[in-house]
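The sequence and structure come first.

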Amino acid sequence: MKSFLLHRDEDFDIERELPPNAAALSQDLELDTLLNAMSGGDEFLFGVARTVLFSSLAAPEDILYRQDVLSDCIRQPEIVTQVYSIAAEAIRAEKQVYRGIFSSPGYVLHRAIEVLQLYVGVLRQLRGIADEHAAEFASAGFTRFFDMLRGELDDTYFAVIEEHLRQLRFRDGVLVSARLGRGNIGADYVLRKPNPIRQSLVSRLSGRGRPGYVLTIADRDESGLRTLSDLGDRGVNLVANALGQSTDHILSFLTMVRRELGFYVGCLHLHDQLTQKGEPVCFPVPLAAGKQALSADGLYDTCLTLRVEQRVVGNDLNADGKTLVLITGANQGGKSTFLRSIGLAQLMMQCGMFVSAESYSANICAGVFTHYKREEDATMTSGKLDEELGRMSGIVAAISPNGLLLCNESFAATNEREGSEIARHITRALVDSGVKVFFVTHFFDLADGFYREDLENALFLRAERQDDGRRTFRLAEGGPLPTSHAQDVYQRIFGESQPGWGG
Amino acid sequence: MTEPSAGPAALSSATRRCTGNATEPVTFGSILFLGDVRPTPGQLDEPQFFRDLNIDQIVDSVVAGREFYDLRPFFHAPLTDVDAIHYRHEVLRDLERPALRDGIDEFAEKMRHMRDCLTMAAKLRYRYQKERLFLDAVMTYGAAVSSLARDLRLGSPSSRGLLAFRECVAAYADSGGFADLYAEASQLDKNLSGIKYCLNIKGNRVRVSKYADELDYSNEVRETFEKFRQGDVKDYRTRFSTLLEMDHVEAGILQLVARLYPQVFQALDAFCERYQRYADDVVNRFDREVQFYLAYLDYLAPLRKTGLSFCYPDVSADTKEVYVADTFDLALARKLVSDHAPLVGNDVRLQGAERLLVITGPNQGGKTTFARTFGQLHYLASIGCLVPGRDARVFLARDLLTHFEREEDLSNLSGKLQDDLQRIHRLLQRATGSSVIILNEIFTSTTPADGLYLSMKILKQVAALESLCVCVTFLDELASFSPTTVSMVSMVVTENPAQRTFKVIRRPADGFAYAAAIADKYGLTYDRVKARVSA
């Protein structure tokens with residue numbers, strides 16, 4: 001039995017390793033803010049959301065499958081939350097069933113029976129919800145899920161389970177088969193189900209049904225009695241294991257249900273927060289990889305809006321056919337925020353979520369990578385430029401054609417000439433390899449160099465600045481200007497004109 | 001039940017006939033020794049120079065894990081005859097071929113298992129247990145001999161040793177006695193393994209009966225819940241003791257099983273009675289002796305994997321024109337390879353009347369290692385083994401004499417000099433023209449002038465004997481001591497003197513070692529410039 005709510009026909013792999021760029025992405029895109037909003041402080045939801053977010057889907061139809069399931073969730077939040085809670089509660093209750101320190105087959109069996117009785121109740125509950133609410137769901141994912149519960153967990157099945165629970169009390173003693181192993185010692189003990197009894201009651205009681213010999217252990221022979229019960233345990237061993245593993249399988253099923261729904265529960269949390277604030281969200285239109293498209297209306301930074309009271313400024317963008325977007329302009333003019341909104345929207349789209357925009361459509365990228373200027377070198381082992389080059393080398397090793405790279409003030413650790421030269425070669429090589437690059441830079445040399453080439457596949461954006469020097473936090477198409485606006489910032493913070501030579 | 005003889009034959013036992021009942025018994029002696037030559041007991045202790053040359057370390061590693069075979073005596077006994085060395089080279093060449101090697105490994109593994117069975121049988125208390133393990137031992141032995149005979153046939157050995165042994169084993173394996181033993185054992189084992197019985201345990205009673213196709217209940221449970229399977233889950237099986245020893249209840253049950261199947265167990269009793277002594281002495285002896293070769297090849301294998309070369313030296317008792325390319329210290333190689341550190345090989349070439357290698361140069365440059373390498377080269381050749389390097393010709397020495405500095409007694413320098421001289425005196429008394437002599441840092445405890453004086457005296461005697469000799473010294477003057485002298489110099493990396501190169505090259509001791517090291521680092525030595533220019 002599979003829940004298949006995240007993938008049409010495969011389990012979601014929670015154990016999958018996060019991509020090597022996960023740490024950098026988390027830092028640069030402030031993903032913890034997003035994940036905290038989704039989890040509401042719940043560690044489990046946080047982990048699930050993070051793993052799903054980092055496990056981009058590769059095909060538009062897989063994204064649409066999740067979008068449909070998520071639409072159902074948004075329509076029926078109570079029922080979805082209830083199923084999630086039943087699974088979560090069952091998992092919690094299983095942990096409460098005492099686990100001994102010593103394990104013996106008898107003990108394993110005893111615990112497994114207790115856990116099984118717990119699960120029978122849980123499974124009956126899930127069946128009940130399916131019976132009652134299946135019709136209210138429209139997505140392929142939920143339709144299949146509820147059909148499965150009703151088909152697999154029918155009344156006959158519950159009766160079979162009850163019969164096992166009765167058999168496993170062993171009223172007639174334990175019957176095990178064995179072979180002669182090494183040194184003629186008994187081996188391969190297997191618990192057997194007694195054959196249906198055909199002989200008369202008399203012969204059964206006298207034990208003369210078929211040839212056999214009886215050994216009776218004296219009551220005072222404690223070690224002998226222990227050996228005997230040990231031999232029985234060897235047989236019970238396998239059935240205890242089978243039942244123990246069966247309950248674990250049921251637990252895995254419930255865990256899978258909880259995990260997959262956990263992602264959608266997280267999406268519901270985020271949805272609540274954004275819509276309550278009046279921010280628009282939309283289901284993006286994913287296009288096949290290789291299309292080189294990206295257009296958006298009202299695209300805003302999810303993480304920024306989660307951190308501030310007022311609504312935030314959105315940007316419109318048409319970068320269809322563009323593989324290089326160079327962003328220049330005023331300091332604190334919204335360049336970093338814009339870059340982050342691109343990265344977040346792309347990641348959220350690729351895991352099946354809604355995005356923070358009025359509309360968003362883009363091709364699927366083979367991985368989102370970020371290369372941001374770092375304030376300090378944490379390792380203290382190399383200089384800043386070394387560190388930047390090292391990170392870029394790691395990205396180059398990991399990225400593939402169709403990847404998306406977001407650079408924020410890369411190579412600012414060195415002077416403009418050298419930084420531009422390094423960045424130019426790397427950028428050109430990446431774009432020529434089919435990588436989509438968004439590059440925020442204050443290097444005029446770098447931006448202007450590309451601008452003069454008049455490339456068809458390049459788009460130039462500039463942070464807007466009004467005549468009075470105030471920022472709009474909007475970006476508009478436009479080539480680089482030779483000066484940045486550090487003076488303005490300085491002025492705002494220091495509240496005075498820059499001192500001249502005499503001042 | 002007494003334990004059958006299954007250990008390795010004693011070294012002193014004479015050549016035996018295979019116990020096959022072929023009309024013409026085939027005789028075979030030893031896979032290690034040509035004819036009936038055996039090392040005398042006195043030779044079996046570790047030779048004195050083992051420690052100086054680090055051969056003790058090599059042998060320790062080589063025999064490690066093979067203690068049962070008691071291989072050390074074989075490594076302590078140099079051969080004195082060139083043909084005896086060829087006899088071993090041939091066997092080694094055969095054993096380097098995977099087909100033969102795998103076959104003999106399989107044989108050895110089975111023999112090991114057989115011995116384990118017998119050891120266990122001796123320990124156990126109940127008769128049917130002892131008998132079953134004895135049966136296992138016989139089965140394993142039978143399989144070992146059969147597979148050995150087959151693999152020797154298919155492997156087409158070309159060495160005299162394996163060819164003769166192959167015939168001997170083939171005759172034995174074809175003999176009626178062996179065939180009966182193996183067939184009877186197999187049938188008995190099959191019968192016992194086929195027995196399947198049921199225990200019905202309730203309270204303090206257990207009823208033992210034949211198995212009557214009762215269903216596996218665990219499977220039924222498993223199938224019921226199969227639909228929930230998601231992936232691998234924990235294994236809840238309790239690990240029960242796998243000890244072979246039974247207690248009285250299990251023994252009682254086994255007795256009842258025997259009553260259910262009386263014929264099988266009577267046959268087992270009879271078998272054990274009849275075949276108390278089953279193992280053949282020649283097979284046992286081969287099992288031990290062949291391990292000498294395998295142990296050595298196994299020691300070389302990881303070194304070869306890293307690209308180090310080994311070769312079969314051309315061993316001669318007549319000429320002292322020794323040469324070898326890219327040779328190295330076998331003990332050091334093992335260490336460096338396990339540390340993933342690079343190893344440098346050295347070339348040696350003694351031509352015409354050259355007898356005396358004087359090694360000078362900076363410390364830490366591998367001078368002592370070079371001296372050991374030379375000693376090891378000759379010793380390894382003398383026990384019929386492959387030697388480190390390529391294209392080797394080695395002198396078959398009568399003895400190997402070494403003088404290495406003793407660490408103790410440093411407080412008493414005059415005492416040390418005296419001790420040194422006494423030891424060298426004893427060494428020279430034993431030395432002949434057929435000796436290989438290794439002198440490492442002699443007379444360091446005295447003044448250079450005195451050291452030079454004494455060294456000259458000693459080397460003159462060595463030169464007069466025409467012994468092959470390596471002398472490691474800091475006295476440059478010794479390097480041009482006589483026409484029979486070859487000067488070699490150790491190298492260092494100039495920028496990082498702590499780094500050993502272990503490169504020792506033939507050149508005059510003219511104080512240019514340092515400059516040469518720099519040149520080498522930049523690829524500008526004479527040889528390398530020439531090679532690069534012509535590349």
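The model is predicted: local features need pLDDT of at least 70, side-chain atom pairs count only at pLDDT 80 or more, and totals for chains, interfaces and linings use all residues. Residues are numbered from 1 along each chain as its sequence is written, chains are lettered from A and ligands numbered from 1 in the order in which they are written, and side-chain values use heavy atoms, with hydrogens and water left out.

**Interface**

Contact (heavy atoms within 4.5 Å) links 68 residues of chain B with 77 residues of chain A. The two chains bury about 6800 Å² between them, 56% of it on carbon and sulfur atoms; buried area is the accessible area (1.4 Å probe) lost on putting two parts together, summed over both. B:Tyr217, B:Phe228 and B:Tyr236 supply 12% of the area that chain B buries against chain A, more than any other three residues.

Three salt bridges are counted between chain B and chain A, a salt bridge being a side-chain nitrogen of Lys or Arg within 4 Å of a carboxyl oxygen of Asp or Glu. A:Lys193 and B:Glu220 form a salt bridge, with N to O at 2.8 Å.

Strand 1 (residues 174-180) of chain A and strand 3 (residues 196-202) of chain B run antiparallel and are joined by six bridges. Strands (E, at least two residues) and helices (H or I, at least four) are DSSP runs numbered from the N terminus, and two strands pair if DSSP finds at least two bridges between them. A:Ser177 stands opposite B:Cys198 in strand 3 of chain B.

Over all chains, the structure holds 47 salt bridges.

| Pair | N to O distance |
|---|---|
| A:Arg307 and A:Glu30 | 2.8 Å |
| A:Arg234 and A:Asp230 | 3.6 Å |
| A:Arg452 and A:Asp448 | 2.6 Å |

A:Arg307 lies in helix 11 (residues 302-307) and A:Glu30 in the loop between helix 1 (22-29) and helix 2 (31-39) of chain A, so this pair ties together parts 277 residues apart in sequence. A:Arg452 and A:Asp448 are four residues apart in helix 15 (residues 444-453) of chain A, about one turn of the helix. A:Arg452 is exposed at 66% relative accessibility, whereas A:Asp448 is buried at 11%; buried means under 20% relative accessible area, exposed over 50%, and partly exposed in between (1.4 Å probe, protein chains only).
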